[in-house]
Amino acid sequence: MAGLVSFASISMVNAASQSDTITNKSGVVIPIDKYNALASIYSSNFMNYMTQDQYDIIKDKDLSKVEIVETTDADIPNNGISTCATEHTTESKSLRIINNSGYITMSLTWLKVPNIKKYDVMAFRKNSSVNFDSNYHFRQYYMSGSTLELSTTKYGQNFDNGVGATFKVQNGTNHQMELSTNVSGSGRIYGSYQHASHSSATLENAMDYTLSGSGYGGVILFNPKIESKFDAMGGVYLTI
């Protein structure tokens, strides 16, 4: 497991800068026009700490194909509609999944500070005709006082039909979590974020799941004995 990285401040990009490039917190040099184009679909946290490997994957993708569709129901539609991005928002959280020409990113933004900070789960479920890269990335951003913290610590699980990451919600504010991977093939990918809404939830509980269309968000199927400890937030999906 990886540890925590602390940053004293968050650098915001100014398109009117004297330089024609931006160097982010990971040392990636990005032309300003490319940065601003990518920032139209990715969060500022993703852009500021995107690695060179991630940038190399997404820098030449056709961003015009990314159009985000809002899902209003907790249920995932099964009507064959094709979309490359969807978003599901509740009173406390906003969940978004994006397909940027085969690079899938799901992000969860907390609109309020979570009262319970135990172990939460993010996961992708896929059709059999979709292939996931062997590596997937998890990040948790949050503010601790005036300092932005980045945690990559996760307890990952790989399944025949997808991947999942269990993680401790850190103390702080302005939480944002991301799960991303490279994919190939064609078909449907589903994404879900499940928050432990009961103070008795444990790491063991948050890892006691499989991936199924009948699970929370159309993805995460917890052991029935402990499923009530999680908030059953609706999911997102896309078609590749």
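## Contacts of Ile 189

In this predicted model, Ile 189 is in contact with Ile 97, Ile 104, Phe 124, Arg 125, Lys 126, Val 130, Phe 132, Val 183, Val 236, Tyr 237, Leu 238 and Ile 240, leaving aside residues up to four places away in sequence.

## The largest nonpolar core

Ile 189 also belongs to the largest nonpolar core, which has 24 residues. Together with Met 122, Phe 124 and Tyr 193, Ile 189 touches the most other members of this core. At least two core residues come from each of these strands: S6 (93-100), S7 (103-110), S8 (119-126), S9 (130-144), S12 (162-168), S13 (173-185), S14 (188-194) and S17 (236-239).

## Aromatic pairs

The model contains ten aromatic pairs. In one of them, the ring centres of Phe 159 and Tyr 209 lie 5.6 Å apart and the planes meet at 50°, so this pair is classed as tilted. The two residues are 50 residues apart and connect distant parts of the chain, with Phe 159 in strand S11 (residues 155-159) and Tyr 209 in strand S15 (residues 209-216).

Phe 159 has a relative accessible area of 23% and is therefore partly exposed, whereas Tyr 209, at 4% relative accessibility, is buried. Both residues belong to a cluster linked by ring pairs, which also includes Tyr 216, Phe 222 and Phe 230.

Definitions and conventions. Residues numbered from 1 in each chain as written. Predicted model: local features only at pLDDT ≥ 70, side-chain atom pairs only at ≥ 80, totals over all residues. Heavy atoms only, no water. Core = buried A, V, L, I, M, F, W, Y, C linked by side-chain atoms within 4.5 Å. Buried < 20%, exposed > 50% of the residue type's maximum accessible area, 1.4 Å probe, protein only. Helix = DSSP H or I, 4+ residues; strand = E, 2+ residues; numbered from the N terminus. Contact = heavy atoms within 4.5 Å. Phe/Tyr/Trp six-rings, centres within 6.5 Å; stacked < 30°, edge-to-face > 60°.
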